[in-house]
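Dear colleague,

I am passing on the structure below, together with notes on what was found in it. Please read them with the model open beside you.

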Amino acid sequence: MAAQTDHLIGLLLGAEDDWPTAFEALARRLGVIRTPDGLDHRVSTERMSIEPFNLRDRPRQDLVIDRLAHWYYHPREWLKKASLMDDVYLLNSPFTFQSMEKHSAYCALMRLGMHVPDTVLVPYKNPVDNARWAYTSSRYNRGFDLDAIADQVGYPMFMKPFDGGAWRGVSMIKDREALHRAYDESGEMLMHLQKAVDGFEVFARALTIGPETMVMKFQPDEPMHNRYAVDHGFLAEETGRETITIAQTVNAFFRWEFNSCEMLVKDGVVYPIDYANACPDVAVTSLHYYFPFAMKALLRWSVFCAVTGRKARTQVDTGPWFDVADDPELDYQGKLAAYQGLSDEYFDTDRYAEFCSTSLPHVDEMVHEWIGSDEFRTMLQTTIHQTYPPHEWEKFEGHFGGLLGMWLSDEQHRLSSSAHA
Ligand SMILES: Nc1ncnc2c1ncn2[C@@H]1O[C@H](COP(=O)(O)OP(=O)(O)OP(=O)(O)O)[C@@H](O)[C@H]1O
Ligand SMILES: [Mg+2]
């Protein structure tokens with residue numbers, strides 16, 4: 001009998017229960033995974049608890065999917081210890097969080113030549129809560145003319161926190177009066193002024209897990225359940241490729257494994273506006289039709305990392321990227337191609353594809369079958385009951401049931417055509 005290696009995937013969770021239930025159910029169904037070296041592997045999952053730990057304790061997990069450490073510091077420090085001392089693979093690593101504030105990501109993508117809208121960082125409106133502030137600011141803070149800065153950026157613009165998320169403190173500014181009101185209200189938040197991409201045609205939101213990216217048409221003004229439109233041809237082919245390259249570039253550059261990236265498309269130009277998210281939304285009630293993609297990618301990538309013993313690289317290595325950025329011989333398209341190459345190298349994309357086809361060939365069928373099962377229907381129903389008031393249950397059961405039914409039949413079609421091909 002072939003030797004078998006067991007791998008444990010830890011789930012570090014907050015309030016979510018939907019995708020973890022799906023992920024656990026799918027991981028249970030995986031069975032034995034055989035790698036080309038003839039070894040057999042088995043993967044199991046475990047929800048992690050938060051408790052005192054000795055820094056020399058040996059963790060049992062090979063890999064952890066983290067959804068907590070962006071705000072909860074005890075597990076964050078456990079993750080750092082497990083990464084530094086025990087080579088536990090992390091999606092995402094807290095060592096990459098410093099650059100999760102938007103600001104670093106804007107800087108990096110500007111340097112790489114992407115079309116990030118013009119952005120200015122203005123000093124805090126209110127005094128910083130620190131005994132040293134009064135002296136420092138009276139000596140070194142230089143007065144500035146907010147109107148003149150805004151005139152340079154140009155109206156309309158967005159004012160938003162340099163490290164933002166979840167729309168906190170975001171406002172669209174159309175004139176001077178709104179500018180001053182928003183700045184006065186920003187208080188202790190540190191704000192960017194960013195030129196608006198006014199009248200954009202498409203809002204593309206890319207969810208990336210390892211080397212797998214799904215670019216979705218996003219409708220930010222719709223309620224949560226309707227933000228992702230099911231639409232397969234909303235970008236020209238070349239623009240679609242560009243959005244994938246941008247999303248994968250920002251992840252490979254910062255060593256993010258599980259992230260979403262927001263881009264606005266206007267007149268064929270792709271403007272990245274938000275692409276740093278320690279804990280991207282993968283709720284079934286947001287992603288619906290795209291939920292199976294997310295679960296499949298999360299499962300395949302975490303299994304690939306755990307089973308092949310992929311080594312984490314948490315520190316940013318800017319050199320190869322800036323060599324491309326600074327190459328005077330390369331135009332924008334040339335740079336995109338080079339960035340895609342560097343991303344593929346970082347994520348080991350070819351080897352991953354090979355692994356998926358030889359060691360995980362059954363996952364497509366398995367996920368299709370599970371999404372069609374009573375177990376999935378129960379999970380969906382429970383999530384709807386936890387998310388919405390009773391008078392909306394029926395409506396949402398129809399809505400999400402319909403969208404996932406549509407995925408089931410589209411996927412069936414895809415699977416049978418690839419079987420015939
Ligand atoms: N430069 C811009 N041009 C046009 N629209 C913008 C721009 N910046 C932000 N927006 C709009 O404001 C929304 C919120 O901005 P942003 O994504 O930067 O903040 P956030 O707090 O990260 O929001 P979320 O958590 O919802 O992604 C965007 O989804 C987009 O609709
Ligand atoms: Mg955003």
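Is the crossing of helix 14 and helix 15 left-handed or right-handed? The crossing of these two helices is right-handed, a crossing being right-handed if the near helix is turned clockwise from the far one by less than a right angle, and left-handed if anticlockwise.

Please bear in mind that this is a predicted model, in which local features need pLDDT of at least 70 and side-chain atom pairs count only at pLDDT 80 or more, while totals for chains, interfaces and linings use all residues. Residues are numbered from 1 along each chain as its sequence is written, and chains are lettered from A and ligands numbered from 1 in the order in which they are written.

Helices (DSSP runs of H or I, at least four residues) and strands (E, at least two) are numbered from the N terminus. The axes of helix 14 (residues 374-387) and helix 15 (residues 393-420) come within 10 Å and cross at roughly 140 degrees, the axes being lines fitted to C-alpha atoms over the stretch in contact, with angles from 0 to 180 degrees between N-to-C directions. That makes helix 14 oblique to helix 15, since angles under 35 degrees count as roughly parallel, over 145 as roughly antiparallel, 65 to 115 as roughly perpendicular and the rest as oblique. Leu 380, Gln 381, Ile 384 and His 385 in helix 14 meet Trp 393, Phe 396, Glu 397 and Phe 400 in helix 15, where contact requires C-beta atoms, placed from the backbone, within 7 Å.

Helix 15 also packs with helix 13 (residues 363-371), their axes coming within 10 Å and crossing at roughly 150 degrees, which makes helix 13 roughly antiparallel to helix 15. This crossing of helix 13 and helix 15 is left-handed. On the side of helix 13 the contact is made by Asp 364, Glu 365, His 368 and Ile 371, and the residues of helix 15 include Leu 404 and Trp 407.

Helix 13 in turn meets helix 9 (residues 291-308), with axes within 11 Å and a crossing of roughly 135 degrees, so helix 9 and helix 13 are oblique to each other. The crossing of helix 9 and helix 13 is right-handed.

As for ligand 1, of the 17 residues around it, Gly 164, Ala 196, Val 197, Pro 220 and Asp 274 come nearest, a residue being near if its C-beta atom, placed from the backbone, lies within 6 Å. Strand 7 (157-161), strand 13 (258-266) and strand 14 (269-274) each supply at least two residues of this shell.

With kind regards

Technical notes: Contact = placed C-beta atoms within 7 Å.
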